[in-house]
Amino acid sequence: MSTHLAARLQGFGTTVFAEMSALAVATGSVNLGQGFPDTPGPAEVLDVARAAIGTPLDQYPPGPGLPVLREAIAAHVQRFRGLAYDPGSEVLVTAGATEALAGAMLGLLDPGDEVMVLEPLYDSYAAGVAMAGGVVVPVPLRPPPVAPGEVSTAPWTFDPDELRAAVTPRTKLVLLNTPHNPTGKVLDRAELEVVADVVLEHDLLAVTDEVYEHLVFSGAEHVSLAQLPGMRERTLVVGSGGKTFSTTGWKVGWVCGPAGLVACVRTAKQFLTYVNAGPFQPAIAAGLGLPDAYFTGVAAELEGRRDRLVAGLAAAGLPVVSPQATYFATARVDGDGLAFCRELPHRVGVVAVPMSAFYTPQHAGDGRDLVRFAFCKRDEVLDEAVRRLTA
């Protein structure tokens, strides 16, 4: 770590994703580490982007995003969540969900403000809070018990009393991720009501990351925190086209919320990327207007891949938690997960990610023996990974 690195970013070195992806290349391994699809998105989306390149859309779009995309986002949220947002003042286009989240932290937090978040947590959350001078206060999610060679379909859970006890006079907001990366948990309505009660009782704000909203499997239902009574007025909802349309490299995300909160994010965002993805914005707009069958089809296809991988992991003798949503399944290993992931490419030619990377340093032991595998890959890739793991 460079001695010149700002104190607030000490501990945020090269991510484990970069390390594991480099290992995958060096060893010729099947990469089930980083969560990106290996198939193209829908032609209805890709063709719009191709047609936009070489036109004035290559130049700077408006700061808040192209009107066609902001209108499509508002229509999409109304269609799927029943929430009405003004495209002009309550929708902001960002450089992926990552910038939306960083902009929210930079725009809302003062030094010392505390942010409650369920742990394990996606790695950019802690960095975004730190860059804003805030403090992460983790509330644990715990996996269900599962025996070696078995698959559990029970969800990860949190203790409502622990959530309530995490509030202090310095608490400013709750940063919620559902569907949840890395666990694949979908918070049900009763759990969301617990979160909402805490937010309302203590007059907090909420930022909710819902980038996996359409990748939810049978038996689970995604509900936005903003849909609960009293929550729209104090919640920023973060979305993205990357996961839904297999365009993770386009980095087109957004924030929806009350105009005053969106303005806070916009103030920070204009000095981050300013604008991005001109030719891709109308393409994502086209995707958001696709018929319901597209969105249910994407989830059903991914659910089949989930089942394919978790069965293979169990056949390899691992205890596996099957996720309710997202790209990822969790397995428990014998010993240290980081060491396991560093050795696995050399031993069998498969790359995974240690779950300890998703825990704050003080709680890293809670995820020490957990490993995350991505199943957003073609069937033949998953089959080859399973073949290597069970050989």
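**Exercise 1. Which elements each supply at least two residues of the lining of the largest cavity?**

*Solution.* Before starting, note that this is a predicted model, in which local features need pLDDT of at least 70 and side-chain atom pairs count only at pLDDT 80 or more, while totals for chains, interfaces and linings use all residues. Residues are numbered from 1 along each chain as its sequence is written, and side-chain values use heavy atoms, with hydrogens and water left out.

Step 1: On a 1 Å grid over the protein atoms alone, a cavity is a set of points where a 1.4 Å probe fits but cannot get out, whereas a pocket is an open set with protein on both sides within 12 Å along at least five of seven lines, and lining residues have an atom within 4 Å of a point. Grid points are joined across faces, edges and corners, and a volume is the space filled by probe spheres set on the points. Helices (H or I, at least four residues) and strands (E, at least two) are DSSP runs, numbered from the N terminus.

Step 2: find the cavity. The structure holds five cavities of 30 Å³ or more, and the largest cavity has a volume of about 110 Å³.

Step 3: read its lining. Of the 13 lining residues, Val-77, Glu-210, Glu-213, Val-237 and Trp-254 lie nearest the centre of the largest cavity. The elements asked for are α3 (67-81), β8 (235-240) and β9 (252-256), and α3 supplies the largest share, four residues.

**Exercise 2. Describe the second largest pocket and the residues that line it**.

*Solution.* Step 1: the second largest pocket has a volume of about 340 Å³. Step 2: it is lined by 19 residues, and those closest to its centre are Arg-81, Glu-213, His-214, Val-216 and His-222. Step 3: α3 and α10 are the elements that give two or more residues to this lining, and α10 gives the most, with six residues.

**Exercise 3. Is Thr-244 buried or exposed, and which residues is it in contact with?**

*Solution.* Step 1: Thr-244 lies in the loop between β8 and β9. Step 2: its relative accessible area is 4%, so Thr-244 is buried. Step 3: leaving aside neighbours within four places in sequence, Thr-244 is in contact with Val-211, His-214, Tyr-294, Phe-295 and Val-298.

For contrast, take Val-348, found in the loop between α11 (337-347) and β12 (350-351). Val-348 counts as partly exposed because its relative accessibility is 26%, and, with neighbours within four places in sequence again left aside, Val-348 is in contact with Arg-388 and Leu-389. The C-alpha atoms of Val-348 and Leu-389 are separated by 6.3 Å, although these residues are 41 residues apart along the chain.

**Exercise 4. Work out how helix α5 is covered and what it packs against**.

*Solution.* Step 1: helix α5 (residues 123-131) is mostly covered, with seven of its nine residues buried. Step 2: the buried residues include Ser-124, Tyr-125 and Val-129. Step 3: the buried residues of α5 pack against α4 (96-108), β3 (114-119), β4 (135-140), β6 (171-177) and β7 (205-209). Step 4: just after α5, Gly-133 takes a positive phi of about 85°.

How values were computed:
Buried means under 20% relative accessible area, exposed over 50%, partly exposed in between (1.4 Å probe, protein chains only). Contact means heavy atoms within 4.5 Å.
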